[in-house]
Amino acid sequence: MKQFIITMLLLASVTANAQKDVTKFLGIPVDGTKTEMKEKLIDKGFTYNSQYENFEGEFNGRAVRVYIVTNNNKVWRIMVCDANTCNETEIKIRFNNLCKQFAKNQKYIPTDSDANDFILSDKEDISYEMLVHKKRYQASYYQISDSGPIIDTLAVYQEINNTLLKKYTQEQIDNPSKEQSEEMIRLLEKAEANIFFEVLGKKLVWFMISENYGKYSITMFYDNEYNHSNGEDL
């Protein structure tokens, strides 16, 4: 069974790498200090506005304002806001077009199993839903690398072994019966899937419709959940 575990790791569509694979914005890792990120955004052509502590420029064909969000002086989020607003009809078209762009982009996997669930229908009354029912219109995606999610295989091996030890002794793992072997395979597949999506969840990109006095815009977020606060300062 040990050999089987090793074989599963070798066949898994992951890349062994001790370095964390973090979310990227325009190819820039959402990581490091705020000062470092400022320099990289300026190199990308954005102009820093010291009054509002944001950056102005163009992204995906739109005039935007970019904000850097940190936790313990580490960048964990890049927020991209439309510089210009539009009406309800226009924002639905813009939102749906973004959903389609993400769906076509091989760097992203929708967090929902059916990406079509993000698409807004022509009948959707977003102004009423947002005002009365406080509904949030958003779409979220996992960002993946060209080579797929980068996972530390040692951590995977330890996780899988711990999963098996919860139900079987080490002797049973080393020399399982046919029934035990079949059950172990199911447990291993489940453990691998959990680890896979746990890593994907650290690289989250999402966007939402924002409203301000009857005018609408899109706000996008590139999150590095490795740097996000997890209550460690409490």
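This is a predicted model: local features need pLDDT of at least 70, side-chain atom pairs count only at pLDDT 80 or more; totals for chains, interfaces and linings use all residues.
Now show the strands. They belong to an open sheet of 8 strands, in the order β4-β5-β6-β7-β12-β11-β9-β8, with antiparallel pairing. Color β4 (47–49) and β8 (108–110): these two stand at the edges with a single partner strand each, so one side of each has no neighbour in the sheet. Going from one strand to the next, the twist averages 30 degrees.

Next, pick helix α2 (residues 34–43), which packs on the sheet and touches β4, β5, β6 and β7. The direction of α2 makes about 160 degrees with that of β6.

Click on P110 and you will find Y141 of β9 opposite. From β9 (residues 138–143), 5 bridges lead on to β11, again antiparallel; here A139 stands opposite F207.

Stay with β11 (residues 203–212), where 7 of the 10 residues are buried. This strand is joined to β12 (residues 215–224) by 10 bridges, and V205 has Y222 as its bridge partner. The two strands form a hairpin with 2 residues between them. Zoom in on Y213 in the turn, which has a positive phi of about 50 degrees.

For the last stop, select Y128, L131 and V132, a nonpolar patch on the surface with about 310 Å² of accessible area together. L131 is in helix α4 (residues 126–132). Is L131 buried or exposed? It is exposed, because its relative accessible area is 62%, and exposed means over 50%.

Key: Residues are numbered from 1 along each chain as its sequence is written. Side-chain values use heavy atoms; hydrogens and water are left out. Buried means under 20% relative accessible area, exposed over 50%, partly exposed in between (1.4 Å probe, protein chains only). Helices (H or I, at least four residues) and strands (E, at least two) are DSSP runs, numbered from the N terminus. Two strands pair if DSSP finds at least two bridges between them. Patches are made of residues with over 30% relative accessible area and no salt bridge: like charges are joined within 9 Å, nonpolar side chains (Val, Leu, Ile, Met, Phe, Trp, Tyr) within 5 Å. Accessible areas come from the Shrake-Rupley method with a 1.4 Å probe; for residues, only the protein chains shown count as cover. A salt bridge is a side-chain nitrogen of Lys or Arg within 4 Å of a carboxyl oxygen of Asp or Glu. Axes are lines fitted to C-alpha atoms, for helices over the stretch in contact, and angles run from 0 to 180 degrees between N-to-C directions. Contact means heavy atoms within 4.5 Å.
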